[in-house]
Amino acid sequence: MKTWQTKEELTNLLCSLVNYQSVTGSSAEIALAEYMYHLLEQNQYFQTNPSYLKLHGLDDGRRLLTAFVKSKNETDKTIILLSHFDVVDVEDFGSLQNLAFHPKALTKELYKQKERLSKAVQQDMETGDWLFGRGTMDMKAGLTVHLSMLEKAIDGEFDGNILLLTVPDEEVNSKGMLTALPILHEWKEKQKLTYLACLNGEPMFSKYPSDEAYYVYTGSIGKILPGFYCYGKESHVGEPFSGVNPNLMISFLSQQLELDEAFIERIGDEVTPPPVSLMQRDLKENYSVKTPQSAIAMYNVLYMKQSLHDINLKLLQGAMDAAQNIEHYIQEKADHFSEIATDFTMPPIKVNVMMYEELYQEAVKRYGQAEINRRQNLLVSQRTEGDRDFSTLLVQDLASMCKDLAPMIILFYCPPFYPAVSSGTDPYIQQVMKEITTYTKEKYQINLTVSEFFTGLSDLSFVGPPSTLGSLKNYTSNMPLQNNGFEIPEDVMEQLTMPVLNIGPLGKDPHQWTERLEITYSFEYLPKIVERAIHRLFCN
């Protein structure tokens, strides 16, 4: 018996999922995985086939869920339905925070306060077809639709196998998806499956505030997180020219890289935004009249078809240009100072720029591999920091061993890393998109726009075909965390590469307190569209 098929049933299921406050890293993130397991294990199919429904543990105690439905046709053809169930925090909800995970109550309350909202939100509310709440759009609605597809698969409506995969931690490090990769490989080997495609259910993202287009996607944008460790020379504030302030260094780096047009990429109508800083601070813990010794900055860099090698060259060049500007600036200020303090002289400043791998090899050369291994293993064993801070600590430790090279700027990389992937030129995926765009136009008078890259970042990055060729080795060799408590499993990713596509619900304002879902498209039209896509995928 199917219970998640009508608009009302799907809305109620969504609300029950949203009621779990599954903010990334919270206990409710674990509870929601267990709740979904409980919902599915009541189905007669999984009572008959209990091994097809599994909770899988991450190494930090969180869990992901897989649910496999085997076709009655005894075929190896399999479609993966991918989703995530974690959400971002709700601090931005202010006085409405207690209602953030209660969509119907929140929506009712917002109608009472309608005049407080923007005109765009008010216009949506006039239709009476929007449901507010954290996770309604991103992305529990997509998960809800996938659960309804699982019911159809149990009823034998598809000519192939369905493997539902829903994971935690997509909003932070995608640790859920990285943990799932060997699990997907295990499913494939044990059941002798052929993965035809991975279908994600992330919501469509508008490209600008008034964008009213409906999007489906054939890939997902890439993201890297470069870090710049600026190691200066400490000085007393009374003798500023005897050192180099890393805060000064990092300010020049910011001027060079923030919104740098060299990184903007255009593919058709799609354009990547320029880099922006996500972190910028010195690493001095206590106040004193000494200048800081070091500072750190990290930048969000999105890409589509650029190679990681080319991006790295641009980042390195940006650091070199910043270093040159730092040298010129300090020399200019020293010259002005010497005009007043006539007995003052200062030797020229040289700012060294290098990659993390170069710093690592320099430390090995000086102290030996065994000592570097010992120091890094000790840091790993005592770790209390998050991925970004711990990456910085690993760089800082090596830099302290080579402090005579200061002032210096070290370029390195941190998690999360999302490879850009695309099936935009795959005839198989093109045929699926042609099928559903024609169907949606004829059935619902809605024009779907096929976009090559989902711009909101997604876990498709770990199973899709890379949009650009090249090994990840040069990238991971400059990632301090690689093999130090974190690993990008390049070998497993290569074994699991498959066509990808994203067909998701209609919503607005992801990660904002006005996050909302349009329920007619999402729960009346979308299930039929996704069902049509799955049928077409099995025609391969």
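This is a predicted model: local features need pLDDT of at least 70, side-chain atom pairs count only at pLDDT 80 or more; totals for chains, interfaces and linings use all residues.
Okay, quick definition before we start: two strands count as paired if DSSP finds at least two bridges between them.

We've got 16 helices and 20 strands in the protein chain. Along the principal axes, the C-alpha trace spans about 90 × 55 × 40 Å.

How much of the chain is buried? That's 55% of the 540 residues. And if you take contacts with a separation of 6 or more, 78% of them come from residues 24 or more positions apart. The accessible surface is about 23,000 Å², with 49% of that belonging to carbon and sulfur atoms.

Charges, briefly: there are 48 positive and 71 negative ones, and their mean positions sit 4 Å apart.

Now let's zoom in on strand β6, residues 194-200. Six of its seven residues are buried, so β6 is largely enclosed by the rest of the structure. Which strands does β6 pair with? One is β3, residues 77-84, which runs parallel to β6 over six bridges. Another is β18, residues 500-502, joined to β6 by three bridges, also parallel.

Here's the bit I like: look at L199 in β6. Opposite L199 stands L81, and over in β18 the bridge partner of L199 is L501.

How values were computed
Residues are numbered from 1 along each chain as its sequence is written. Side-chain values use heavy atoms; hydrogens and water are left out. Helices (H or I, at least four residues) and strands (E, at least two) are DSSP runs, numbered from the N terminus. Buried means under 20% relative accessible area, exposed over 50%, partly exposed in between (1.4 Å probe, protein chains only). Contact means heavy atoms within 4.5 Å. Accessible areas come from the Shrake-Rupley method with a 1.4 Å probe; for residues, only the protein chains shown count as cover. Lys and Arg count as positive and Asp and Glu as negative; His and the chain ends are not counted. The place of a charge is taken as NZ of Lys, CZ of Arg, CG of Asp or CD of Glu.
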